[in-house]
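Visitor: I am new to this structure and would like a close look at a single part. Please pick one and walk me through its surroundings.

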Amino acid sequence: MKALLTSAGFAGDALTTRFLAMTEKKAVDVRVVFVPTAAITPDAIAMLPKCMNDLLSAGIPKENVTVYDLHRAMRWAELRAYDAIYFCGGDAEYLMRRINDSGFRNRLLRFIRSNGVYVGVSAGSCVAAGNVRRGLKFLAATIHVHQEKGSRAGLLATEGRDPVYLTDKQAIIIDGERCEIAE
């Protein structure tokens, strides 16, 4: 499994570099599914351009980014053509309901098992952790995003249950069996 779980997106060159390394491709060749579905409040909607800019600033061409809102079916044949899926922030409970109710969950998990990279921003990170009922549970712990003081950088156990606190400059990086908090 490859996942980058953040509060506020890439927030700097180090996290951008880690993301691109996880895709194992040059930025110009990376294809991304961009999921804005969680952004249902004005504040979350206002952050969508910043999220898109994470990808474009990383050197990913705009034509390589497909916006997908979980309100139409995406077949496995379509999803498997991408390298990463980027879930924006907003309402985590709503996002998880859409993932489950749309039937996307199984395809998403298959995508992750097939070497696809999962990127979560705020709510997108919370649905990947232990925060939400019927969540993805990449981590057993809950994630608390947008914190003034974050958890200490370093290795993290995916089965650990201690809450993880992330500042807007931190991320949890899961790469295979290795899990860490990075800045």
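Guide: Let's start with helix H5: its buried residues pack against helix H3 (76–79), strand S4 (84–87), helix H4 (92–101) and strand S5 (117–121). Contact here means heavy atoms within 4.5 Å. Helices (H or I, at least four residues) and strands (E, at least two) are DSSP runs, numbered from the N terminus. Please keep in mind that this is a predicted model, in which local features need pLDDT of at least 70 and side-chain atom pairs count only at pLDDT 80 or more, while totals for chains, interfaces and linings use all residues. Residues are numbered from 1 along each chain as its sequence is written, and side-chain values use heavy atoms, leaving out hydrogens and water.

H5 spans residues 104–113, and its buried members are Phe104, Leu108, Leu109, Phe111 and Ile112. These residues lie on the same side of H5 because they cover an arc of only 155° around the axis, taken from the directions from the helix axis to the C-beta atoms. Buried means under 20% relative accessible area, exposed over 50%, and partly exposed in between (1.4 Å probe, protein chains only). Just after H5, Asn115 has a positive phi of about 85°.

Cys51 is in no disulfide, and its nearest cysteine sulfur, that of Cys88, is 4.0 Å away. Cys51 is also buried, at 4% relative accessible area.

Terms used. Disulfide = S-S within 2.5 Å.
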